[in-house]
Amino acid sequence: MTTEAADPVDAAAIAPAADAGFLQRWGTEIEYILIPGAALVVALLVFGIFVALFGKNPLDLYWYMYYGAFGTWFSWQNTLSRAAPLILTALCTALPAQLGMVIIGGEGALLIGALSATSAALALQGMPPLVVQVAMVIAGMTGGGLWILLSGGLRQYRGVNETISSLLLVYIALAILNHLVEGVMRDPASLNKPSTREIGAANMIGTIPGTDVHWGLVFGLILAVASYILIYHTTFGFAARVAGGNIRAAKIVGLSVGKLILTVCFLAGACAGLAGMVEVAAVQGRTNANLAVGYGFTGILVAFLARQNPLAIIPVAILLGGINASGGLLQRRLGLPDASVLVLQGIIFISVLASDALYGRIGFLKGKS
Amino acid sequence: MDFGRISRRHLLQGGAALTLGAAAGLRPAFAAETTIGFIYVGSRDDYGYNQAHAQGAAALKKLPGLKVIEEEKVPETDAVEKTIESMINLDGATLLFPTSFGYYNPHMIKMAAKYPKLRFEHCGGLWSEKDPKNAGSYFGYIDEAQYIAGIVAGYTSKSGKLGFVAAKPIPQVLRNINAFTLGARLANPKATTQVIFTGDWSMPVKEAEATNSLIDQGVDVLTCHVDGPKTMVENAARRGAFVTGYHVNQSPLAPKAYLTGAEWNWEALYPKFVKMLAAGESIPNFYRGGLKEELVKVSPYGEAVSEPARKHADEIKAKFLGDGYTIFKGPLKDNKGNTVITAGTERGQKDPELEKMDYLVEGVIGATS
C-alpha cells in the first residue's frame, strides 16, 4: 500500500505492462474461454428472468439445474450418458465445417449407421461377441460415412448445396428405416412396436465399469481428440483448413479439394454412424423408430456452440447433456413445462452466436501495436 | 434454500420404506408418504394419450399421503431409464408409471431388474413370465368403447361413410378400427370406414391432411387413433363433420360436433392400484379389463346424438357391463374377402389371437400395408 501510494505512477505503469504482456500473449485463448463463458452467464441470467416472470424463484432454478446435472454422482452419470451421443453427432457437423461446409444431416447418418450395425449383428448371429461388435462398429461407421458422402458427392460433382441435401437425406434415412423396420427386417414378435430382431444380450457393449454410462462416451472422447489432432496437427487437416479458408487459393497451390471434401464427409458421417451403432449396441438392442430422437439435430447445436472445435465439443456436449439431465428435475420440482429446457437451449444458442461479434474487440485483451 | 435437507429426507424415507418393504412386502412402503412417479412421452395437456394418464395422476394427487411427481416429453431411449433413476434417487419414488409403449422393453424391464424392491407399472406392454416380478403391465380393452362409438357414428352419419385417422397398422390400432366399423355396421349395415394411416403417433400436419381428404370424399363422421386427437377433432368440426373422440373427452374442443368417444379411465384404475398396494395385496402382473372393469369408459353423448342411437348404444353398453358381449365373433370376413373368424367361433377380449390382429374387417376401406 505504502509503496503504491508513494509511487502511484510507477505502479500503474508497471502492472498493466506486465498484464498486457500476459494478456497479449494469451489473448486469443483467453477470449475463447471468456467470451463463451460470459455468453453462458448472460443466457442463464436471461433464462432466470424468464422463469421469474412465471413466478418461480430463479435461485431455485439455478440450484436445481446444478443439482440435477452435476450435484450428485448419479446426476453426473445422467449428464454423461446424455452427452455421449452428442459428442459423436457434433463431430458430423464440425469436421465438414473445417472445409467451410455446413452439414446438418447427422441424424440421417445416425439412423443409417444404426441400421447398418443392426444388419451386421443380425447377419453374424452365433459368432463370438467381439467379432460381432467389431463388425457393428465397422458397419455403423461405413453406413453413416457413405450417407454423408452422398451429400459431399452431390456438392462436389453436381453443385448441390450440402446443407439442404444433408437435411433432406435425414427424411430419406428415416423413411428407409421405417420401411425396413416395418417390412423385411421386422421381428414378427414386435406386434405393437415394429422393430428388428434383437442383436442379442451377449453382443451388447455394456457400460463403463463402475458406472452406468455406456461406452459411447469413450468412443466420443477418442474421436473428438483424434479429430482435433487430424485437423490441427496433420498436413491433411492443414490442407482442409486451407481449402475451407479460400478454396481458390487451395486449388492454385495444387490441393485436391474434391478428395478433401469426400474424405471429410465420409469421416463426419462415420462419427454419426458410430453414434447410431452405440445406440443400438448399448441402449436399444435393436433398431426401431425410437432411434430418431434428434441426437443428430442437437449435435448441430453442440458443434456451433463449440465453434466447430472438436476439443471444445466435449465440454459443450457435457453442458447440454447436463441441461437435458436437469430438465426433468425442473419439471418435477418447479413445475416448469418441458419446453423450458428448449427455451434455455435457444437462449444459449443465440447468446453464444451473438457473442461471436466480440472476438478481437475486447480492449484489454488487444495488443498495443 | 434447504433443498439438500428436503431431498435427503425424501431419500431417507425412500430408503426406510425400502428396508421395511423388503421385510414385510410392500405394505409399509405405503404407510408413510409415498412418492409416485409418472412419465409421459408427450405433453400432458395434449387432449390425448398423455393427458389421459395425467388425469389418472391427478386423481392420485387427491389421495392423502401420496406425492405425485411427473415428467413429460421423455423419449423412448435411455433417457427414460435416467428419468426413472432420477425419480428414485433424487425424489424417492417407490412406485413408477412409465406410460408410453416404447418404455417397456428394454428400458423399464432393465430398471425393474435393477430396483427389485420398487414397483413398476406399465401401460400397454405384454408382461410375460420371464419379466421381473416387480414389473407389471396393464391395458384396457378400449375397443369396447370404440364399438359403442361406432354404433353412435353409424346412426349419425347421413352418407354412411365414416373416417378413421390412424397412426400405424399395428394390432392395437387395427382392433379399434375394426371394432368401430363393426359397431357402425350394427347401426347401418351399409356403413363403411375409410382409414388413413399417417405413419406415426404424432403427425399433426398429416392428421389434418387426412381429416380434410376424408371429408372431401364424403365422410361425415370421423374418429382417430393417434396420440393427440386434437388436430382431427378441431379440423373436422371446422368442416362441419361430426367426430367421436379417443383417449380423453375432447368435447371442450368441439362441443357441437362431439358425439361421444372412447376414453381411458385411468382416474379409476390408479387409485385402485394404490389401494391394493396399501392393503398389502399385489397387483396382478398382467392386468386387463374393459368397460366392466372400469379401465375404459364412453364419453357422455353430445346433443347431436339421436334417441335411437342412444338407446341402441346404451343397450350394448349394458351388455358389456353385465354378462359380457363379444365383438369379434364368427363368421367374420376381412376386407379382402378372407374369413378371419369362422362361424361359431367367439374371440373374447382376453383371446391372445386378438393381440396379433393383422387384418381390417369387411366394411373398412384401406390396407394394412
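In the predicted model, eight residues of domain 1 of chain A are in contact with seven residues of domain 2 of chain A, two residues being in contact if their C-beta atoms, placed from the backbone, lie within 7 Å. On the domain 1 side of this boundary, α2 (8-53) and α14 (339-355) of chain A each supply at least two residues, and α14(A) gives the most, with four residues. Helices (H or I, at least four residues) and strands (E, at least two) are DSSP runs, numbered from the N terminus. The residues on this side divide into five nonpolar, two polar and one charged; Ala, Val, Leu, Ile, Met, Phe, Trp, Tyr, Cys and Pro count as nonpolar, Asp, Glu, Lys and Arg as charged, and the others, Gly among them, as polar. Domain 1 of chain A comprises 19-56 + 344-369, and domain 2 comprises 58-335; domain bounds come from an automatic or database domain assignment. The centres of the two domains of chain A, taken over C-alpha atoms, are separated by 28 Å.

Residues are numbered from 1 along each chain as its sequence is written, while chains are lettered from A and ligands numbered from 1 in the order in which they are written. Because the model is predicted, local features need pLDDT of at least 70 and side-chain atom pairs count only at pLDDT 80 or more, whereas totals for chains, interfaces and linings use all residues.

Chain A contains 14 helices and zero strands. Its C-alpha trace spans about 90 × 60 × 35 Å along the principal axes. Of its 369 residues, 47% count as buried, that is, 20 or more other C-beta atoms lie within 10 Å of the residue's own, with C-beta atoms placed from the backbone. Among contacts in chain A with a separation of 6 or more, 76% are between residues 24 or more positions apart.

Chain B is divided into domain 1 (3-140) and domain 2 (143-262 + 295-365), whose centres, taken over C-alpha atoms, are 32 Å apart. Nine residues from domain 1 of chain B and eleven residues from domain 2 of chain B make up the contact. Helix α2 (residues 49-61) of chain B provides the largest share of the domain 1 side, four residues. By class, this side has three nonpolar, five polar and one charged residues. For chain B, UniProt lists residues 35-300 under "domain: ABC transporter substrate-binding protein PnrA-like" in an unreviewed entry; UniProt positions are given in the numbering used here, feature names are shortened, and annotations may be inferred rather than shown by experiment. The span is 39% helix and 24% strand, and its end C-alpha atoms lie 33 Å apart.

The largest nonpolar core has 111 residues, of which B:Ile151, B:Val152, B:Ala166, B:Ile177, B:Leu222 and B:Val243 touch the most other members. A nonpolar core is a set of buried Ala, Val, Leu, Ile, Met, Phe, Trp, Tyr and Cys residues joined through C-beta atoms within 7 Å. Both domains of chain B give residues to this core, so it lies between them. Beyond neighbours within four places in sequence, the contacts of B:Ile151 include B:Gly183, B:Leu186, B:His312 and B:Ile316. Another core, of 108 residues, lies apart from it and includes A:Ala114, A:Ala117, A:Met185 and A:Val352.

Between the chains, 23 residues of chain A are in contact with 30 residues of chain B. The elements giving two or more residues to the chain A side are α3 (58-71), α4 (73-97) and α13 (310-334), with the largest share, five residues, from α13(A). This side has ten nonpolar, eight polar and five charged residues.

Key: Buried ≥ 20, exposed ≤ 12 C-beta atoms within 10 Å, placed from the backbone.
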